[in-house]
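User: Please take a close look at the nonpolar core of this model and at the sheet and helices around it. I would like one connected account.

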Amino acid sequence: MSATNEIRKQLRIRAPQARVWRAITDSQQFGTWFHVKLEAPFVVGQPTSGQITYPGWEHVRFTLHTEAIEPEARFAYRWHPYAVDMNKDYSSEPTTLVEFLLQPRDGGTLVTVVESGLARLPPERIAEAFRMNERGWAEQLDNIRAYLDA
C-alpha cells in the first residue's frame with residue numbers, strides 16, 4: 001500500500017461514548033458539525049445527500065452511502081473524496097471508505113477516523129484528495145469536539 005492510501009486521525013473527546021455516537025450517527029447533528037444540510041437519516045445500504053454549508057463550498061453537493069452502523073462502536077460510509085468540481089461526474093470512480101471508530105478512554109471517548117482506499121482513485125486525483133482530506137479530517141475532529149463542548 002502506498003503512503004497516500006489511508007488517512008487516520010484520532011482525538012479524545014471529553015464526552016460519554018453514547019453522546020459522541022449520537023453526534024456522529026444522527027444525520028442532523030452530523031450535519032451541524034460537518035457543515036452539510038443533510039436531507040435524510042443514515043440507513044445502511046442507502047445514500048444520504050445534502051448541500052455543503054461551509055463558507056466557500058456551498059456549491060458542493062455531498063453524498064455518502066452508509067455501509068455500517070454498529071451501535072456506539074463503528075459508523076462507516078463510502079463517498080467520493082474531495083469531489084468538489086460540480087462540472088465533473090465522479091460516479092464512475094471508486095469510492096473511499098470512511099470509518100468512525102469509538103472507544104471509551106479516560107472518562108471520555110477516543111474517536112478514530114480512518115479513510116481508506118485513496119490509492120484506488122484515478123492517479124491524477126490521489127495526491128490532491130489525500131492532501132485535502134488529511135487536512136479536512138483534522139478540522140472535522142476539531143469541529144465535532146467544539147460541537148460536543150458547546
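Analyst: A nonpolar core is here a set of buried Ala, Val, Leu, Ile, Met, Phe, Trp, Tyr and Cys residues joined through side-chain atoms within 4.5 Å, where buried means under 20% relative accessible area with a 1.4 Å probe, protein chains only. The model is predicted, so local features need pLDDT of at least 70 and side-chain atom pairs count only at pLDDT 80 or more, while totals for chains, interfaces and linings use all residues. Residues are numbered from 1 along each chain as its sequence is written, and side-chain values use heavy atoms, with hydrogens and water left out.

The largest nonpolar core has 38 residues, of which Ile24, Phe30, Phe34, Phe62, Tyr77, Phe100 and Trp137 touch the most other members. Leaving aside residues up to four places away in sequence, Ile24 is in contact (heavy atoms within 4.5 Å) with Phe30, Trp33, Phe42, Phe75, Phe100, Leu102, Val111 and Ile144.

As for the sheet, 7 strands form an open, antiparallel arrangement in the order β1-β7-β6-β5-β4-β3-β2, pairing being counted if DSSP finds at least two bridges between two strands. Its edge strands, β1 (6-13) and β2 (36-38), each pair on one side only. Strands β5 (residues 74-79) and β6 (residues 96-105) pair in the antiparallel sense over 6 bridges, and Arg78 stands opposite Leu97 in β6. Helix α1 (residues 17-25) packs on the sheet, touching β1, β4 (61-70), β5, β6 and β7 (108-116), and its direction makes about 160° with that of β6, axes being lines fitted to C-alpha atoms, for helices over the stretch in contact, with angles from 0 to 180 degrees between N-to-C directions.

Notes. Buried < 20%, exposed > 50% of the residue type's maximum accessible area, 1.4 Å probe, protein only. Helix = DSSP H or I, 4+ residues; strand = E, 2+ residues; numbered from the N terminus.
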